[in-house]
Amino acid sequence: MTVTLYGDKDLPADDRPTVQVTAVQWPVEETEPVNRQRGGKWAFLTGGKKSFPPGGKWSFPPGGGRMRRAWLLLATGVTTVVLASTVGIGVFAYGGDVPRGTTVLGTDLGGQSQAAAVEKLHAAVEQQAAMLSAPLPVVVGQHTAELVPTEVGLRVDVEATVRAAMQVEAHVFERLAGSRAVPPVATVDVEKLDAALVEVLGDQGREMTMPGITWSGLTPKATHPKPSLELNPEQSAQAVREGWLSGDPVTVPLVETYPVTTAEEVDRLVTELAKPAVAAPVTLTTDQGSVSIPPEAIAKSLLFTADEAGTLSAKVDVKRLRSALGDDLAKVEVTPKNARMTLTDGKPKIIDSQNGKELDADGLGEALLAVLPQADDRRVSGTLETKKPELTTEKLAGLGIKEKVSTFTTQFSGGLSSPRSQNIITAAKDVDNTLVLPGETFSLNKHTGERNYAKGYQDAPVILNGKLVPGVGGGVSQFTTTLFNATYYAGLEDVEHKPHSYYFSRYPAVIESTIFYPDLDFKFRNNTEYGLLIDTSYTSNKITVSIWSTKVWDKVKTEYGPRSNITKPKTVYLEPGPDCIAANGSDGFSQNAYRVFYKNGKEAKREKFSWRYSAEPRFICGPKPS
């Protein structure tokens, strides 16, 4: 038998002694030297191989073969005893996955297997739950507070702690006699911890002051950067994990973060770019002519912005530049024109779109920024690119505007010369030939804007605070009602409308609408896949609105429910004068109207409209009879 015991210097990587045993077959008979002489030396057969003793001779005690056997057995026995003791010590010292003498939270895990150590440490953590859940004092800047570990996800990671204990380095004799305490591995919910610490921080923190340059007229004003003072979630978590069970308050670090651009660099940008930029105009040349860009336009379009890291950069905002130059760009640019549609001989006709010419925004901004630091030769070349209109002839032709799908007419009195009639016609002219694309929402207030004297509207009666008074644009509600009904019978989506407070017999009950800028509006949405054209026309006593598109419904009609809750008007006497408008009064009532849609000869759906009219008083301009 061959036995090999590794010394310390030959230990493998896992630091455990290794015993290698080579098995041999012991003979029953005596082992005798084989009488084979080779060059005057004897060979002794061992394990099937020849080995020769030093000097070529084997030395045996006196007594022949029996004594020789006894000597061999004695030598083997001594070796076995020594090896057994050494191996036994190694096995004991290296027993289990956790080195002997290892404790965690005062619990001895030494000599345990990994699974047993995990189970034992879990039990220890449960036994010490009160201690582990005790409030943790923290210091954040000048503020102190206590955190509840469970509320921020602070806990002992048992499995990770056992793995850490298993990796402790200890040699054989240190394992026999030494001891070591392994700190528990802690985990924490970084987001919850950060939220709790932000409350403790309070107003001690400060946001980063970003570098910047702004304009006061033609004077650049520098803003110097300042660092932020704030918590770093990962660093906070590390500090809390490491200091949790130390017995001392945990100091959470505050971090200063400086913007990338320094104060000196801001001042350099002011000196080298901002001030020279507005020192003189820049000439913009194109193949259609030249435009002078004055310093005022440069100041309005030269922007200095900082990113999240505080890197300050400059750029020319071409949109702002265009706005600042105003009509001057018309000298070199051509505005594109959308395709339009009119009715000619009772049929829709397309007026072709026209391409325009517009300056290349990206190229112009970069070129202008390059010459702004220069004192001389302040000239840039602009490239004019073809600009297509939003609505081309091809797009309009594909919108399916081919037939009249609805029309509605209301009557008015007073002829074309009355202020009220003029207001109706002015609104009708503004809306005539309006295109509403698929999915778009039309707003009458947005389309006309404020209806005032400058736009040709005049004073006429309006309902204000329950009575008729003169107001600019009075009568437009009649056009609104006519437009509402045209879209209603075209089956379009009603978005916003409000009937009058009082019922007027010139309108259909319930399905009518008032309007008042800017609070009351009329809106509808083109909820079809086709475009639509609004056509308006008038006579001396009628206003008509028609919708041209492609029919979606066979027909749309109204079914009325009965009137109910009828109330009678009262008589009101008003102070006579130019602002007093008399009225005959009307009954108040409630009523439902149902919009019914038909498709393929059958009712497809219906919508309910309801309204409650107040009784309009009978207004008399004069004193009440005694």
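What percentage of the 626 residues in the protein chain is buried?

1. Overall make-up. This is a predicted model. Buried residues account for 37% of the 626 residues in the protein chain, which answers the opening question. The secondary structure of the chain consists of 15 helices and 41 strands. Take the contacts between residues at least 6 apart in sequence: 68% of them join residues at least 24 apart.

2. The largest nonpolar core. This core has 35 residues. Within it, F442, F479, L483, F524 and I534 touch the most other members. Several elements each supply at least two residues of this core: helices α13 (419-431) and α15 (476-489), together with strands β27 (403-411), β34 (532-538), β35 (542-549), β39 (588-599) and β40 (602-613). The largest share, six residues, comes from α15.

3. Leaving aside residues up to four places away in sequence, I534 touches V431, D432, N433, T434, V436, F442, L483, F524, V545, S546 and I547. F442, L483 and F524 in this list are also named with I534 among the residues that touch the most other core members.

4. An antiparallel sheet. Three strands form an open sheet with antiparallel pairing, in the order β29-β33-β32. The edges are β29 (441-443) and β32 (493-496); each has a single partner strand, so one side of each is left without a neighbour in the sheet. On average, neighbouring strands here are turned by 25° against each other, direction ignored. Between β29 and strand β33 (residues 523-525) there are three bridges, in the antiparallel sense. S443 has K523 in β33 as its bridge partner.

5. A mixed sheet. Another open sheet is made of three strands in the order β7-β6-β11, and its pairing is mixed. Here β7 (107-108) and β11 (180-181) stand at the edges with a single partner strand each, so one side of each has no neighbour in the sheet. Strand β6 (residues 102-104) is joined to β7 by two bridges, and these two strands run antiparallel. As background, strands of a sheet pair through backbone hydrogen bonds, either parallel or antiparallel.

6. A pair of crossing helices. How do helices α6 and α7 cross, and at roughly what angle? The axes of α6 (residues 190-201) and α7 (residues 233-243) come within 9 Å and cross at roughly 95°. That makes α6 roughly perpendicular to α7, because angles of 65 to 115 degrees count as roughly perpendicular. On the α6 side the contact involves V190, L193, D194 and L197, and these meet P233, E234, S236, A237 and V240 in α7. Sorted by type, the residues of this contact are six nonpolar, one polar and two charged.

7. A residue in helix α11. A361 is found in helix α11 (residues 361-371). Is A361 buried, partly exposed or exposed? Its relative accessibility is 34%, so A361 counts as partly exposed; the class lies between buried, under 20%, and exposed, over 50%. A361 and D317 are 44 residues apart in sequence, and their C-alpha atoms are 8.7 Å apart in space.

Technical notes. Residues numbered from 1 in each chain as written. Predicted model: local features only at pLDDT ≥ 70, side-chain atom pairs only at ≥ 80, totals over all residues. Heavy atoms only, no water. Axes fitted to C-alpha atoms, helices over the stretch in contact; angles between N-to-C directions. Helix = DSSP H or I, 4+ residues; strand = E, 2+ residues; numbered from the N terminus. Parallel < 35°, antiparallel > 145°, perpendicular 65-115°, else oblique. Contact = heavy atoms within 4.5 Å. Nonpolar A, V, L, I, M, F, W, Y, C, P; charged D, E, K, R; others polar. Core = buried A, V, L, I, M, F, W, Y, C linked by side-chain atoms within 4.5 Å. Buried < 20%, exposed > 50% of the residue type's maximum accessible area, 1.4 Å probe, protein only. Pairing = 2+ DSSP bridges.
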